[in-house]
Every structure is written in C-alpha cells, then in structure tokens.
Amino acid sequence: MTKQIRQLTAVVTGQATSDGAGVKLKRIIHQQHQKAFDPFLLLDEFSSDNADDYIGGFPSHPHRGFETVTYMLEGAMLHRDHLGNEGHLRAGDVQWMTAAHGIIHSEMPEQENGLLRGFQLWINLPAAEKMKPPHYQDIAAADIPRLSLANGGTIKVIAGDYVSDTETITGAVHGVTTQPLYLDVSLSPQQQLNIPIATQQTVLVYVYEGVLAVGESADILTAGQLGQLQNGDTLQLATQQQAARFLVLAALPLNEPVVQSGPFVMNSDEEVEQAFRDYRNGVLTL
Ligand code: CO
C-alpha cells in the first residue's frame with residue numbers, strides 16, 4: 001500500500017503570556033484551537049533563566065475533566081496534591097496526571113536560579129471518564145524509551161508506540177483512551193524522519209529549537225511554531241541546514257462538545273457550573 005504523506009494545514013505561533021503566580025510562558029494551544037486540535041486543549045512552553053519569570057510557580061489550584069502532562073527539559077519542580085502526594089520533577093521527567101473527577105494541586109519551582117524549561121500539555125478525556133477517580137503516572141527520565149537515529153538525533157517516546165521500518169518502541173505511557181503519541185525528537189541537519197500515524201489521529205508538531213520542514217512540499221516551521229498535519233498515514237519530517245528539536249503530538253479526536261472555564265473542561269455549561277460549586281463546597285475531589 002502506498003504511503004500517503006500528511007500535509008501542513010495550519011500553523012500556530014506561540015504567544016507570550018503569564019499564568020499561575022506570574023509565571024511567564026508561551027501559550028501555543030489555547031481555547032480557540034480546541035475544536036480543530038481535538039482532543040488537545042492547551043500547550044504551554046516555559047523557558048527562562050531569570051527566576052523572576054518563574055519563582056511564583058503555580059500555587060494550589062483545581063482541575064477536573066482532563067489530563068495534564070508536564071514534561072521538564074531543564075530545572076526542577078515540586079508537585080503536591082490534596083491527598084498529600086509529592087513528586088519531584090527533574091530534567092527529562094514526565095508527570096502524566098489524569099485529573100478526571102478532581103485534583104487540587106500546586107506546581108512550584110524547586111530552584112531559585114538557573115534555567116527552568118519544559119512543557120505542559122492538556123489532553124481531554126471522554127465524557128465517560130471525566131468523573132472517574134484521578135490518578136498519576138510519574139515517569140523518571142531514565143524510564144522514557146529513547147531511540148538513537150542512524151545519522152544523529154534521538155527520539156524519546158513519552159507516550160504511545162513509535163513504529164519504524166525495523167522496530168516498534170513502546171512508550172512510557174499507555175492505556176489512554178485517546179491513544180496519545182507524545183514524542184520528543186531531536187534531528188541533526190540534513191536528516192529525514194518518516195513516522196507512520198493512523199489516519200484518524202489529530203497530528204500536531206511543535207518546533208522548540210531550529211527549523212523543520214514538514215510534508216512533501218517541505219513547508220517550514222521555525223522555533224515557536226506549531227503545525228497541524230492532515231490527510232495521510234505518514235508524517236514526513238526533515239531538517240535542512242539547521243538542526244531541530246520538536247514535539248510530535250497525536251491522538252484520537254473525541255468529537256464531543258468541549259466547554260472550558262479556567263481549570264475545568266467538561267461537556268456542558270451545567271457540568272462546568274457543577275465543578276465550580278463542588279470546588280467551593282470542598283467536594284471537587286471526592
Ligand atoms: Co495544574
């Protein structure tokens with residue numbers, strides 16, 4: 001069967017903003033993209049070596065109805081939740097938090113100087129799973145499968161399966177209904193990478209360093225740009241004169257109504273109002 005190469009259909013440029021207690025970040029996916037990028041709800045990149053930009057962190061706040069995935073490139077964060085769970089996220093670590101019915105947590109930098117760099121991705125949950133008990137998967141950097149490519153470059157398989165011509169590499173996170181694929185890829189100059197991806201999946205590529213050419217027509221994405229690639233079973237990615245580092249995000253769309261207000265993502269206004277009431281009444285996390 002001939003491969004059909006996915007083509008670039010949309011480009012989004014990250015916008016500077018701040019969240020939590022004044023943490024400066026770049027917001028790439030936000031509410032206006034939720035229909036087109038279903039089931040992805042939000043993507044933030046934080047990167048600063050100025051403590052004033054991050055030291056306030058994200059004090060105690062709730063979530064309901066989706067999953068948050070924190071991936072640290074540099075630095076250290078302390079995660080605490082209402083159950084007393086504590087997790088130390090360091091460079092290369094991933095926390096996959098399925099907030100579902102409700103989590104109240106804080107995410108605070110564990111450093112007063114130096115570079116803090118990473119990503120937070122929000123992935124929606126299907127209606128049937130939004131009110132299930134929450135859970136975590138804390139994945140240490142060393143436990144994330146890593147593939148070295150023949151002529152330089154690496155692929156870290158955070159979630160899902162990476163399938164090459166010769167092997168399948170099973171990622172650290174599995175069993176999620178939307179079947180997410182989350183890869184962190186580094187390519188040297190003049191490299192090409194083809195990744196098979198099921199035709200039904202929503203596919204996004206976010207370049208965070210360098211320059212990447214995507215699709216048969218080699219459309220260019222530069223650092224800070226996210227591209228959506230559609231119509232096909234193969235993702236074709238290549239570097240030219242410059243190296244590139246980028247995230248590949250893919251998942252099955254839910255095709256359900258999405259209603260977000262702040263930290264709650266449900267299917268209707270009533271369910272979001274209920275989440276605010278439950279939070280006020282101290283029963284969000286029951
Ligand atoms: Co949070």
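Author: Helices (H or I, at least four residues) and strands (E, at least two) are DSSP runs, numbered from the N terminus, and by that reading the protein has 1 helix and 25 strands. This is a predicted model, in which local features need pLDDT of at least 70 and side-chain atom pairs count only at pLDDT 80 or more, while totals for chains, interfaces and linings use all residues. Residues are numbered from 1 along each chain as its sequence is written, and side-chain values use heavy atoms, with hydrogens and water left out.

Reader: How do you know that the radius of gyration agrees with that of a compact globule?

Author: The radius is taken over C-alpha atoms, and the globule rule is 2.2 Å times the number of residues to the power 0.38. For 286 residues the rule gives a value near 19 Å, and the protein has 18 Å, so the two agree. The C-alpha atoms fill a box of roughly 55 × 45 × 30 Å along the principal axes.

Reader: Why is Asp 53 called buried?

Author: Buried means under 20% relative accessible area, exposed over 50%, and partly exposed in between (1.4 Å probe, protein chains only). Asp 53 has a relative accessible area of 15%, and therefore counts as buried; across the protein, 53% of the 286 residues fall in that class. Asp 53 sits in the loop between strand E4 (40-48) and strand E5 (58-63). With contact meaning heavy atoms within 4.5 Å, and neighbours within four places in sequence left aside, Asp 53 touches Gly 22, Val 23, Lys 24 and Ser 48.

Reader: What makes the pair of Tyr 71 and Phe 119 stacked?

Author: Rings of Phe, Tyr and Trp (its six-membered ring) pair if their centres lie within 6.5 Å, and planes under 30 degrees apart count as stacked, over 60 as edge-to-face and the rest as tilted. A search of the whole structure finds 7 aromatic pairs. In one of them, Tyr 71 and Phe 119 have ring centres 6.3 Å apart and planes at 25°, so this pair is stacked. Tyr 71 belongs to strand E6 (residues 66-74) and Phe 119 to strand E11 (residues 116-124), so that the pair links distant parts of the chain, 48 residues apart. Tyr 71 is buried, with a relative accessible area of 0%, and Phe 119 is likewise buried at 0%.

Reader: Why is the pair of Phe 264 and Tyr 279 called edge-to-face?

Author: Their ring centres are 6.4 Å apart and the planes stand at 65°, so the pair is edge-to-face. Phe 264 lies in strand E25 (residues 264-266) and Tyr 279 in helix H1 (residues 269-280), so the pair ties together parts 15 residues apart in sequence. Phe 264, at 1% relative accessibility, is buried, whereas Tyr 279, at 33%, is partly exposed.
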